[in-house]
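Biologist: Please walk me through this one, starting wherever you like.

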Amino acid sequence: MRKLSRVHSTFLCLTFACATPALAADLDQIDTIVVTATRTAQPREHTGTSISVITAQDLANRQIVAVSDALAETPGLTIVRNGGLGQTTAIGLRGATAGQSLVLIDGVRINDPSATDGPALIGDVLVNNIERIEVLRGPQSTLYGSDAIGGVINILSKRGGPTPFALTASGEAGSFDTYRLNAAANGTARNVDYGAAINFLHSNGISAADARNGNTETDGYRNFGATGTMRWHLSDTISLDLRSYYTSARADYDGYPPPIYTFQDDGEYSTNMLLTGYAGINADLFGGRLHNRIAVIGLTSKRKSFDDPSLLPLHEAFLAKGKLTRFEYEGVFDLNRTNQITFGAETQRSTLKTHSGYDPTPVPTRGHTRIDSVYGQWVTTLFDSLTLSGGIRHDHDQSFGGHTSAKVTGAWQVWYGTTLRANYGDGFKAPTLYELFSQYSNPVTGLAPEKARGWEAGIDQNFLHGRIRASLTYFERKTKDQIDFFSCFGVTSPACTLRAAQGGYYYNVTRTRARGFEFAVRGEIVDGLNLSADYTNMTAIDRTTGTDLARRPHIMANANLNWSPRNTWSLGAGLSYVGKRYDGSGGFNPLASHTLVNLFGAYPLSSNIDVYGRVENLFDAQYEPVAGYGAPGRAAYMGIRLRT
């Protein structure tokens, strides 16, 4: 438990700049190094912000296929999926909306610029050559800009290794006619570190509309994904980074077919494509004290939905294309062994093209916006036990003007094994292109950015000589100017006159608040027996009405126990509990709580071949994640894993 290899710490510097000498001095005595909180490698004990780490070993032990299932097992984070694998999936970080949580893969944002609220298409992100996932909770706009009101999820890929070539391949099959194939390679060849993987999944799935309501048609899903990352060391001080991520998926779903127009089986389906690219150069100057990074980033998304061809002659119902181009400069300057300054500048241009097959005109909706940003952060360590940081950022958007964000954090190692931490931070979210330029745009008043202020305070404590780590955190976040849809039904006003045909428009009105506490414990109880558990008690309300926000449970809990004696075979069990919540804002359509139990295990046939299997939803719990939608019942899967 209490060791961190030099290779591992070097990997963590591949995406972001490295830590200061002061922070790196005691790496061998620190359990976990994180990079997302400050954009530099930093011991978690020196980080004043709540962060969870999901390791590659966690993903392998629990045999997790979809990244969203792994995220659901972290404190303060809700995942809502409209049915089975591949259906529309929404993240809720501490009560924030899906578009208020920023998702990165190897430091590259994958939030879709063409989507209504701008969320990441997290339902299509499968486990594929992942080294670790860091979940940073609370407003983070100082370093990450727009979309980071709830927090940041950073998925880091494997790259490099002790050999020129290492291959991992797996194949599995099971319930719902599901099969999955995966292959990944990584290594270090001369002056090049690389990692690459491909992934394919097919499933006939379940009915998206709840089968208990008489819906028997299955809604299938298929997904192809590829990822690649490479660092070429041109010299001892200069290196070139190339990264790419791609997914292409198709999912059947249900709708409201004639003649009764109730939610039920039909033949509708959608396709999603997302492609990102990153090219950057890194240069260390002044004897390695100044780390520089210049990068250009591109993203392209394309989403289509299709009507049931057996019911309607109109086939393509909706098209959305989004593009994003981003330029970044970041510098990290080590003033001395206890002080570090991070600074940078960014510019981003996003474009949108949408068209509905039901529009009376064939002309698509188009729009674009640009946002320019500068930021700075100072991190200092006092008395070798107190780490403080402060940062500020200014963004200028051509649509809404300027916005300034700030964040301060503190982490105090009171004595060995005990850390007190606290932070305050701002967050904001720029209006999305769809909110600005679609037929539902505000015809009278320009939209302002959503703004949030949040704080937290917590304590981390180690037990059993550092084998067990427990944390307790209280948090609160208030959001204002949240964008909502105003219905013009029965309303007479200038704006509704202009949006009569559309039935409404987007406007800034909603004020929300989320507060509560999170408890988490993780570690090795005895040799070979590992435990992770968390509990969240949260209240997320609309401050205008005083009612609960939709689909935010008050109580969530997770626990996983894995036994691997002598690091050979393994056997484990997981439990997830989601408490009562409402399907709609205003306290409408209550949803019952549910508990899921999973079993998983693996057995080595040789030094490089494992067989594994799992049972999901062991007790066949029946529940609705969203009103009217179903969820998979008991399912079993078997697979084989090869390593070289």
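**Strands, loops and overall build**

Biologist: Which residue in strand 22 stands opposite Lys407?

Modeller: Gly425 in strand 22 stands opposite Lys407, where strands are DSSP runs of E with at least two residues and helices are runs of H or I with at least four, both numbered from the N terminus. This is a predicted model, in which local features need pLDDT of at least 70 and side-chain atom pairs count only at pLDDT 80 or more, while totals for chains, interfaces and linings use all residues. Residues are numbered from 1 along each chain as its sequence is written, and side-chain values use heavy atoms, with hydrogens and water left out.

Biologist: And how many bridges are there between strand 21 and strand 22?

Modeller: Strand 21 and strand 22 (residues 418–429) are antiparallel partners over eight bridges, pairing being called when DSSP finds at least two bridges between two strands. Their hairpin leaves two residues between the strands, and Gly417 there takes a positive phi near 95°.

Biologist: What does strand 21 do with strand 20?

Modeller: Strand 20 (residues 386–397) and strand 21 (residues 401–415) also run antiparallel, and they share 12 bridges. The hairpin that joins strand 20 to strand 21 passes through three residues.

Biologist: Changing topic, what is the order of the five strands in the open sheet?

Modeller: The order is 3-8-9-6-7, with mixed pairing. Strand 3 (51–55) and strand 7 (108–109) form the edges, each pairing on one side only. Strand 7 meets strand 6 (residues 101–105) in the antiparallel sense over two bridges, and Arg109 in strand 7 stands opposite Leu104.

Biologist: Where does Asn128 lie, and is it buried or exposed?

Modeller: Asn128 lies in the loop between strand 7 and strand 8 (130–137). Asn128 counts as buried because its relative accessibility is 9%, the cut-offs being under 20% relative accessible area for buried, over 50% for exposed and partly exposed in between (1.4 Å probe, protein chains only).

Biologist: What does Asn128 touch?

Modeller: Leaving out residues up to four places away in sequence, Asn128 touches Asn182, Ala197, Ile198, Asn199, Gly225, Ala226 and Thr227, with contact meaning heavy atoms within 4.5 Å. The side chains of Asn128 and Asn182 are joined by a polar contact of 2.8 Å, that is, a pair of N or O atoms within 3.5 Å; within protein, one must be able to donate a hydrogen and the other to accept it, and residues adjacent in sequence count only if both atoms are side-chain atoms.

Biologist: Which loop holds Thr38, and what does Thr38 touch?

Modeller: Thr38 sits in the loop between strand 1 (33–34) and strand 2 (42–43), and Thr38 is buried because its relative accessible area is 6%. Its side chain makes a polar contact with the side chain of Thr40 at 2.9 Å. Not counting residues up to four places away in sequence, Thr38 touches Leu143, Thr342 and Gln377.

Biologist: Stepping back, how many helices and strands are in the chain?

Modeller: The chain has seven helices and 34 strands. Buried residues make up 55% of its 644 residues, and among contacts with a separation of 6 or more, 61% are between residues 24 or more positions apart. The C-alpha trace spans about 70 × 55 × 45 Å along the principal axes of the chain.
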